[in-house]
Structures are given as C-alpha cells and as structure tokens.
Amino acid sequence: MARKKIALIGGGQIGGVLAQLISLKELGDVILFDIVEDLPQGKTLDIAEASRIDGFDVSVKGTNSYKDIEGSDIVIITAGLPRKPGMSRDDLLVTNAKIMQQVAEGVKEFASNAFVIVISNPLDAMVTLFQKVSGIPHHKVMGQAGVLDSSRFSTFIAWELGVSVKDINAMVLGGHGDTMVPLVRYANVNGMPVMELLERKYGDAEKAKEVMKAMVDRTKMAGGEVVKLLKTGSAFYSPASAAVQMTEAILKDEKRVLPTCAFVKDQYGADGVYLGVPAVLGADGVEKVLEISLDEEETAALNNSINAVTTLVADMERLGF
Ligand code: A3D
C-alpha cells in the first residue's frame with residue numbers, strides 16, 4: 001500500500017508540531033507549506049534530522065509551492081493569524097478570511113480529492129469559507145475544535161476528581177467560541193456521572209454545581225487563558241494533537257466518535273451550517289452525525305451557539321467572502 005501523503009498548510013506554531021507528531025506516528029509523508037520562504041524547509045529539516053533518534057522513517061519536507069501538495073490524502077490548515085491577548089477569535093475574521101480564500105484556491109487546484117481539516121480561527125467561519133471556495137464535498141471538509149475543547153474539559157474534571165484523565169468522557173458541542181456547550185449531564189468517569197461524583201465529594205448538590213460551573217467556564221475561556229500566558233500567540237501543542245487524532249481516525253478508518261465541526265443538515269435544530277457535533281470519522285470522512293437528546297437548558301445553549309455561528313458567517317458574507 002502506498003504511503004499516505006499529508007499536507008500541512010501553515011508552517012507556524014501548530015504546523016510545526018503537526019509535522020513532528022505525524023512523523024513520529026508515521027501516519028504518512030509530510031509536506032509543510034508556508035508563504036514565508038525557508039521557514040517550512042527549516043522546520044522540516046530539523047524534524048527529519050531527529051528521525052534516527054526517534055526511529056521514524058517518513059519523508060518530511062517543506063515548500064512554498066502549492067504544486068508540492070499534489071495528490072495529498074489529507075490537508076490540515078493552520079494558515080492565518082493567531083490571537084494576541086485581549087483579542088477574540090472573531091477579531092481575526094477579515095485577515096484570516098483573505099488567507100483562507102488563497103489556501104482554498106491552492107488546495108482546489110492541487111489536492112481537490114483530499115480530506116481537509118481546518119484549524120484556523122474563527123473556526124466555524126473558516127471551515128464554511130474553505131468549503132465554499134474549494135467546492136470539496138461537505139463530508140470531506142471539517143474543522144478541529146471539539147476534540148480540543150473536550151480534552152480541555154476532561155482535563156479539568158480529572159484534576160478536580162483526582163482520577164486519571166484516561167477515564168473521563170466529556171464532550172463539548174457547538175461553535176468554537178465563548179458560546180460553546182460543554183455537555184455536563186453526559187460527562188462521566190467510566191460511565192459514572194461526574195455530577196454524582198462531585199455531589200458525593202462535597203456532600204452538597206449546590207457546591208457540586210458551583211464547582212462544575214467553574215470548570216465549564218474555564219473550558220469556554222481555556223484558549224484565552226493560554227493566550228494570556230503566552231502573550232505572543234495561542235495554544236499550539238493541544239490543537240495539533242487534536243487534529244492528529246482526527247487524521248488518524250480517517251486514515252485508519254477507525255469510526256471514532258469525535259466532536260467535529262461538521263456540516264449539519266436538519267439535526268440539532270440546525271440546517272446547512274458547520275457546527276461542532278458528535279461525528280463518526282472514518283475512511284469516508286464525516287460518515288455520520290450522531291444526534292442525542294438535549295434538555296431545555298442544553299438546547300437553549302446550543303441554539304445560542306448556532307446563532308453566534310450563523311451571525312459570524314453572515315458577517316463574513318456581507319464583507320464579500
Ligand atoms: P502561527 O504560528 O502564526 O502560524 C500561522 C502560519 O500561517 C504562519 O507561519 C504564517 O506565515 C502562515 N500564513 C500566513 N498567511 C498564509 C497564507 N496565505 N498561506 C499559507 N500560510 C500562511 O499561528 P498558529 O500556528 O499558532 O495558529 C494558526 C491558526 O490556528 C490561528 O488562526 C489560530 O487562531 C488557530 N487556532 C485554532 C485553534 C482551534 O482549536 C480551532 C486552536 C489554536 C489556534
């Protein structure tokens with residue numbers, strides 16, 4: 001079987017970690033594209049020179065030419081500016097939309113058969129724009145946000161309960177912004193509801209709710225917390241890990257159920273929009289969106305998030321994108 005080819009568009013912080021992780025896991029040959037001359041070549045040379053030490057054997061190369069992404073099986077896009085302290089993801093809209101248009105043209109020309117995972121912010125709008133410009137079918141174009149947001153939520157729960165993060169199952173739905181919806185009721189530790197464990201820990205239902213609310217709020221603001229500490233950019237290790245998990249699910253036809261920014265048709269009260277939902281990822285990309293029942297509060301929160309996403313996409317369209 002021919003080796004898979006994975007193109008990374010954007011050779012900045014996330015792009016570099018993606019190239020290293022994909023090489024370490026030998027998921028395929030890596031081509032790292034950036035408009036900055038020599039940057040992707042330098043990063044990939046550095047990574048390749050660790051291959052003897054880490055024991056991986058794939059081709060990992062940098063380029064400034066879209067021609068080199070030809071025949072890619074998967075394209076992961078991180079091109080675009082990250083946030084600086086005090087900025088919201090939506091503040092990046094105009095700058096990153098211009099970049100995304102160029103990227104979509106490049107991918108359309110040279111890798112239109114690829115599956116595409118967008119990471120650039122504002123995520124939901126960038127996925128929508130990429131799909132519109134590239135014309136690649138909806139089930140092959142998706143965004144990474146929910147895997148990371150869910151991992152952040154899971155990490156906070158694990159710390160709070162003093163148990164292994166490996167046993168936490170917690171999911172975040174909706175758009176990748178302040179309106180995201182961490183699903184508290186479904187969060188569990190190997191099947192045991194997190195809320196019950198918190199109530200037992202504190203012997204007080206109100207206190208348990210307070211502690212959970214703090215974790216939910218921290219999850220929603222987790223990207224900003226990292227931006228504030230880094231001062232010069234945003235999270236990059238964890239978004240790269242998240243996109244690699246999605247890549248692996250597709251390349252290995254794993255049928256993983258991962259919160260994905262997927263095109264939703266008449267589900268969760270949304271129709272014809274990209275939104276964070278539980279999706280089955282396999283050899284056909286987004287193979288299915290799984291729908292679960294939401295209570296009144298969860299439905300209201302998700303509707304609020306759908307509104308935020310549709311408003312942002314409408315703003316983007318009004319600006320001519
Ligand atoms: P950064 O380190 O600045 O890398 C971005 C790269 O894009 C730079 O190397 C630029 O040279 C390159 N670039 C700029 N214009 C173009 C272009 N036209 N074509 C190709 N490449 C170009 O940023 P980063 O890697 O830290 O973050 C990348 C993006 O991911 C930003 O938009 C972030 O906001 C976003 N992000 C998303 C998440 C999610 O979970 C969705 C998390 C963290 C960051």
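These questions and answers walk through helices, strands and salt bridges in a predicted model.

Biologist: How many residues does helix α11 have, and what distance does it reach from its first C-alpha to its last?
Modeller: Helix α11 covers residues 296–318. At 1.5 Å a residue, the expected reach is 33 Å. The model comes close to that: α11 has 23 residues and reaches 32 Å.

Biologist: Which elements do the buried residues of α11 pack against?
Modeller: Start with the buried residues themselves. Among them are Leu 302, Ile 306, Val 309 and Val 313. Glu 298 and Ser 305 are buried too. The buried residues of α11 pack against α4, α5, β8, β9 and β13.

Biologist: Which residue caps the N-terminal end of α11?
Modeller: Look for a side-chain oxygen by the backbone nitrogen of Glu 297. That oxygen lies 3.2 Å from the nitrogen. The capping residue is Asp 295.

Biologist: Asp 295 also meets a partner in a salt bridge; which residue is it?
Modeller: The N to O distance in this pair is 3.4 Å. The pair links distant parts of the chain, 110 residues apart. Asp 295 sits in the loop between β14 and α11, and its partner sits in the loop between β9 and β10. The partner is Arg 185.

Biologist: Why does Arg 185 count as partly exposed?
Modeller: Partly exposed runs between the buried cut-off of 20% and the exposed cut-off of 50%. Arg 185 falls in that range, so it counts as partly exposed because its relative accessibility is 45%.

Biologist: Is Glu 206 buried or exposed?
Modeller: Glu 206 forms a salt bridge with Lys 209, with the closest N and O atoms 3.6 Å apart. Both residues lie in helix α8, about one turn of the helix apart. The cut-off for exposed is over 50%. Glu 206 has 52% relative accessibility, so it counts as exposed.

Biologist: Which residue follows α10 with a positive phi?
Modeller: Helix α10 spans residues 237–251. The residue in question has a phi near 50°. A salt bridge joins this residue to Lys 255, the closest N and O atoms being 3.0 Å apart. The residue is Asp 253.

Biologist: Which residues of strand β4 point the other way from Ile 74 and Ile 76?
Modeller: In a regular strand the side chains alternate between the two faces of the sheet. Strand β4 covers residues 74–77, and all four are buried. Ile 74 and Ile 76 point one way. Pointing the other way are Val 75 and Ile 77.

Biologist: In β5, which residue is the bridge partner of Val 75?
Modeller: β4 pairs with β1 in the parallel sense over four bridges. There, Ala 7 stands opposite Val 75. β4 also pairs with β5 in the parallel sense over four bridges. In β5, the bridge partner of Val 75 is Val 116.

Biologist: What is the handedness of the β-α-β unit that β4, α4 and β5 make?
Modeller: The path goes from β4 over α4 to β5. With the strands pointing away from the viewer, a clockwise path is the right-handed one. The unit is right-handed.

Biologist: How many residues lie between β13 and β14 in their hairpin?
Modeller: The two strands pair in the antiparallel sense over four bridges. One of the bridge pairs is Leu 281 with Val 286. The number of residues between β13 and β14 is two.

Key: Residues numbered from 1 in each chain as written. Predicted model: local features only at pLDDT ≥ 70, side-chain atom pairs only at ≥ 80, totals over all residues. Heavy atoms only, no water. Expected span 1.5 Å × (residues − 1). Buried < 20%, exposed > 50% of the residue type's maximum accessible area, 1.4 Å probe, protein only. Contact = heavy atoms within 4.5 Å. Polar contact = N/O pair within 3.5 Å; in protein donor to acceptor, adjacent residues only side chain to side chain. Pairing = 2+ DSSP bridges. Salt bridge = Lys/Arg side-chain N within 4 Å of Asp/Glu carboxyl O.
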